[in-house]
Amino acid sequence: MAEIRLLGAVEVWADGVEIDVGSAKPRMVLAALAVAPGCVVPTAVIADRVWGLRPPKKPAATLYPYLSLLRNALHPIGIGIVRRGGGYVLEAQEEDIDALRFLRVLSEAKAGRATTAELEEATALWRGIPLAGMDNCWIAEYRAELLNARLSAWLLLAEQVDCSGELAGLADDLARVVGDFPLSESLAGYLIRALAQAGRRTEALQQYVELRERLVAELGEEPSDEVQALHLAVLRREPGLANRSQPQTRQRQAVPRQLPSTTRNFVGRDVELKTLDGLLFGGGSSAGVICAVAGTAGIGKTTLALHWAHRVADQFPDGQLFVDLRGFDPTCTPTAPADALRACLDALGTHPDRVPQGLEAQSALFRSITAGRRLLIVLDNARDVDQVRPLIPATPGCAVLVTSRNLLTGLVAELGAHSMKLDLLSPAEAKALLSYRIGPDRVAAEAVAVATLAGQCNFLPLALAVLAAEAAHTPDLSLASLADHLVDDSNRLDQLDTADPMTSVRTVLSWSYAAQDPAERRLFRLLGLHPGPEISLAAAASLIGEPPKEVARLLRRLCQATLLDSPARDRYSHHDLLRAYACEVVMAGESRADREAAQRRVIDYYIHMAYRAVGHLNPDRDEFSLGEPSPGVELADFADVHEALAWYAAELTVILRLVDTSKAAGRWAECWQLADLAARYLGRQGRWRDAIAVEQVGLASAEALGDPAALGLVHRGIAYFSALAGQHAEARQHLRRALEFTRATGDRLRLAYALGLGGFVSAQRQQFAPALAYARNSLALYAAQGSRRGQHRALGSISWYLARLGRLDDAAIYARQALQIAEELGDVKSQAGAHDTLGYLSHQGRRHDEAAHSYRAAARLSRRIGDKYYLAAALHSLGEVHSDVGDFGAARAAKTEALRIFDELEHPRAELLRAELRDLHTKR
């Protein structure tokens, strides 16, 4: 059996033998994956868990060798690591990981489902400090979570053993554990009782002395009444000591039980419930809890809070208080803190005559009355921290659970509250909710429709509940028909409307919107014009036409109000129902002129930024001309090709959506320009079929526009990508059209470029003589126009075609001329291409050292500019050179890296390389 161990040093064992998983870094990567087996852990999250605030410049590339090492080590014992959905998945079961097995048993013990023997077995899994020898923010946080869980486990174990009358036998084990939790009075109390029951009275008394000294020195507090009573019982040698000592029951005026009823169909939120349980039980009985649960309207904050509150109510014998602070209720003003305090004091049996005037005095009285009590206080629908602050008890025995649509960061900063932000339900949770509401048989019968409905509701609990109610009222209506009604985004909120403002999705969202300041509401409205799924700070500043610093403040406020999320720094998003609501309010709240101006600004932002990025990706290609951007557009320059690639990677989805929306709106020029710019990035990534598809959309717009220059450029792009994709007939067809439209413009430079493309298209069909003719004509035109960049391009092509025709000496002359011009121009990509050609020529001439040198130069330069395809191609060729001279180890290394890149690009050359590597592994 294989086991991943985190409760000590990170180790992997299989059948009693430790598996070597490398040094500290790969072990940290393993830990980052092992805390969530079977789940996708995004690459950015892994990097954050491994490096914290100081990640490497290229986290994904740096992670790869560690992941490769772990794959090789774990695969033989049946544990896999696979890439999926922008991250990695550890293919293991929770039972294979000691920490998760321990936490499962603890959770079952808290629910009364685990035996004492199982709990003892779980505590025995601990081998020392969790994740020993490692240190960063995430590890410290996860280690603290595990240590708190360990304390909870020992308290539960001691309680169970005590109830069985066998606590004396646990004395030595408790003595060892108490040293790890020196301030836990509960644990020390069990140890004192265990020692006394074992006849070790002197040791029991000494334990009390040591506990008191620690509490006084570190907290300035005496031991609790319960522990002091236990100490007195030991001193008196009371015979009843064997029976568990209970704190004296004090007289109480009232024990409020104010928790409202909650849904019987609660599903999901397992992680959140476990977190709340951990906060309550993780620190022992003396630990106080303050948790602020935030989330957008309809996300289920109150439902979660009440469900958990009912589940743990018996832990608070002094009662449970519930206050609706009405922070976002449009029918009335938010509840004043003084009114909320009076309600709580009344519920606790405080005589009206005892209640002083003034908020501060009332809050002080509340703290006095709650001191020493174990109360659960649920403060629902808070508007801000000021509403909540006076209602926080000072006693550590109370738990306070606050819900709000705003992130109450002040509560976290000031009082150390735990912050929990609710996300949308998972697909499985959404399905379970619908099964509860409309019946599992109906859900099972229309599984596809259920998945569609959940997606159309954006997995928002309120929307799903409204939909389920509609389905329950119309049992004869198929779920597929309901899904059809929700297909149109423009009326989706109508379909999720009810007569009750408390459950109408549109109305509930409107309350959050109405609570914002005018500037925040305007930004939220204008975000409805953006296609999503995310918007950057610069794009948002361009959209609204305001300085980035001011827009950043507004975006932060919308995130605080949970009308937006911030999945990454300076990037923002909201779910589709909020987007649909923003689309509605922008139509009502902004004039047509203002909407069109905002759309013009944001499209200008993406076109101009993409244009600048392409200038780094393909500096040798001629560009179309752009006018000046609209006033208010926030543009920036890229430092290098890596910044340009990173920008494109982040914004590609937005650009592709803008291509579609521009076409739908009849903005033909914007459509073909965005399409052509997107295709250039896709082509750089080796995604040629995707590039063709988006260029085809641009072609339709260029045809509607009737612009020969645009048509020439788009046909040229399709011809190029078709040739790369092996679609030779399509490439020739679009090449002919590109030449036709380019000649019609009279632009000699563009005609030279198109002729050069003709050579490329011919060469892809292995027709090198026609390719050479095209290239010579292209060179003549470039020379006549005085274009050094064009001449370089044509010289490089001529060199390659001559080489393929067997004229190696002539080819070398042209290749060196091309390299000289590329170096003059500082064109790194062209330099890489020239070195690749020289490598080929040397290899064909069996000058292996020269060939290897040239291919290494080509690979180094391609890596420098992030050109994955040409990097992989150069490495492949370098591997062939090593293989020819019998250096099979170097050949395997070069080809393995090339295979990794081709696999990432999903390029057909990957299968050829795989076969070559299989052959290489048989050679020594």
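This is a predicted model: local features need pLDDT of at least 70, side-chain atom pairs count only at pLDDT 80 or more; totals for chains, interfaces and linings use all residues.
User: Is C291 buried or exposed?

Analyst: C291 is buried, because its relative accessibility is 1%. The cut-offs: buried is under 20% relative accessible area, exposed is over 50%, and partly exposed is in between, with a 1.4 Å probe and protein chains only.

User: And how does C583 count?

Analyst: C583 comes out at 33% relative accessibility, so it counts as partly exposed.

User: New topic. How many salt bridges are there?

Analyst: The count is 41. A salt bridge needs a side-chain nitrogen of Lys or Arg within 4 Å of a carboxyl oxygen of Asp or Glu. The general idea is that side chains of opposite charge can pair when their charged atoms come close.

User: Give me one. What does E651 pair with?

Analyst: E651 pairs with R571, and their closest N and O atoms are 2.9 Å apart. This links distant parts of the chain, as E651 is in helix 29 (residues 641-664) and R571 is in strand 14 (residues 571-573), 80 residues apart.

User: Is E651 buried or exposed? And R571?

Analyst: E651 is buried, at 1% relative accessibility. R571 is buried too, with a relative accessible area of 12%.

User: Which residue does D604 bridge to?

Analyst: To R600, with the closest N and O atoms 2.6 Å apart. They are four residues apart in helix 28 (residues 592-617), so about one helical turn separates them. D604 is buried at 7% relative accessibility, while R600 is partly exposed at 30%.

User: Which residues are in their network?

Analyst: Salt bridges link R600, D604, R667 and E670 into a network.

User: What about R687?

Analyst: R687 bridges to D690, at 3.1 Å between the closest N and O atoms. R687 is partly exposed at 36% relative accessibility, and D690 is partly exposed at 37%.

User: On to strands. How many residues of strand 10 are buried?

Analyst: Six of its six, and strand 10 covers residues 399-404. A399, L401 and T403 point one way, V400, V402 and S404 point the other way, and all are buried. In a regular strand the side chains alternate between the two faces of the sheet.

User: Which strand pairs with strand 10 over six bridges?

Analyst: Strand 7 (residues 289-294), in the parallel sense. Strands pair if DSSP finds at least two bridges between them. A294 has S404 in strand 10 as its bridge partner. Strand 9 (residues 376-382) also runs parallel to strand 10, joined by five bridges. There, L379 is the bridge partner of V402.

User: How long is helix 6, end to end?

Analyst: Its end C-alpha atoms are 39 Å apart. The expected span is 1.5 Å times one less than the number of residues.

User: What happens just after helix 6?

Analyst: G165 takes a positive phi of about 80° there.

User: Last one. How many aromatic pairs are there?

Analyst: There are 14. One of them is W51 with Y66, a tilted pair at 6.5 Å centre to centre and 35° between the planes. W51 is in helix 2 (residues 43-51) and Y66 in helix 3 (residues 59-74), 15 residues apart. Rings of Phe, Tyr and Trp (its six-membered ring) pair if their centres lie within 6.5 Å; planes under 30 degrees apart are stacked, over 60 edge-to-face, and the rest tilted.

User: Which rings form a cluster?

Analyst: Y605, Y606, F638, W647, Y648 and Y681, linked by ring pairs.

Methods. Residues are numbered from 1 along each chain as its sequence is written. Side-chain values use heavy atoms; hydrogens and water are left out. Helices (H or I, at least four residues) and strands (E, at least two) are DSSP runs, numbered from the N terminus.
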